[in-house]
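Colleague: I am new to this one and would like a close look at a single part. Please go through it step by step.

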Amino acid sequence: LRFRSNEEVFGEGEPADYIYRVVSGAVRTIKFGADGRRQIMAFHFPGDVFGLEFGAEHSLWAEAVGVSEIAAVRRSLIEAAAAQDTGAAQALTRLVSRQLQAAQAHALMLGRKGAGERVAAFLLQLAERVASSREIDLPMSRADIADYLALTIETVSRAFTQMERDHAIALPSSRHVVVRDRCALETLQAA
């Protein structure tokens, strides 16, 4: 399936009949508060699986961050494979465990870190996912990063600017980050 930028993949409350895998592009999963504010729960990149639910309906929204290709597999086929094949069941368990670890890391980051620490941790997480851990292309906007880190856009922008002043990163463009001093980011993240 091909999705345009900001196009909905699925909505909260819709039947969770499919499980999705990002082929290209990126997807954000979102929870909206009662006041209408959005909290981005996760970003999903090529190879990532999302939309796996324990109930019959989706508990989150999913949107393409940019133009994205996404593979969809019927949930019933995955469940049948897991019921019949221990290897498939183990793979499913590993997938759920990785998603739980990512959610726990995100919650810990939001609960214990200041703005600079959150942005540094975010950049380090992204750096681990790309082939060149020094060059990071951000498919998401500053608003997306702010909603993921529970910060304001201005705070995220100030953190990027301060890291650039401190020579921890370079910003050749708003969507391209060069990690100049990984140790400085790690120190900031751990503060």
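In the hairpin of E4 and E5, which residue takes a positive phi, and how many residues lie between the strands?

Modeller: This is a predicted model, in which local features need pLDDT of at least 70 and side-chain atom pairs count only at pLDDT 80 or more, while totals for chains, interfaces and linings use all residues. Residues are numbered from 1 along each chain as its sequence is written, and side-chain values use heavy atoms, leaving out hydrogens and water.

The residue is Gly36, with a positive phi near 90 degrees, and five residues lie between the strands of this hairpin. Strand E4 covers residues 27–32 and strand E5 residues 38–44; the two run antiparallel and are joined by six bridges.

For comparison, an open sheet of four strands has the order E1-E8-E3-E6, with antiparallel pairing. Its edge strands are E1 (2–3) and E6 (49–50), each pairing on one side only. E6 pairs with strand E3 (residues 18–24) over two bridges, and Phe50 in E6 is the bridge partner of Tyr20. Helix H1 (residues 75–84) packs on this sheet, touching E3 and strand E8 (68–74), and its direction makes about 55 degrees with that of E8. Contact here means heavy atoms within 4.5 Å; axes are lines fitted to C-alpha atoms, for helices over the stretch in contact, with angles from 0 to 180 degrees between N-to-C directions.

Technical notes
Two strands pair if DSSP finds at least two bridges between them.
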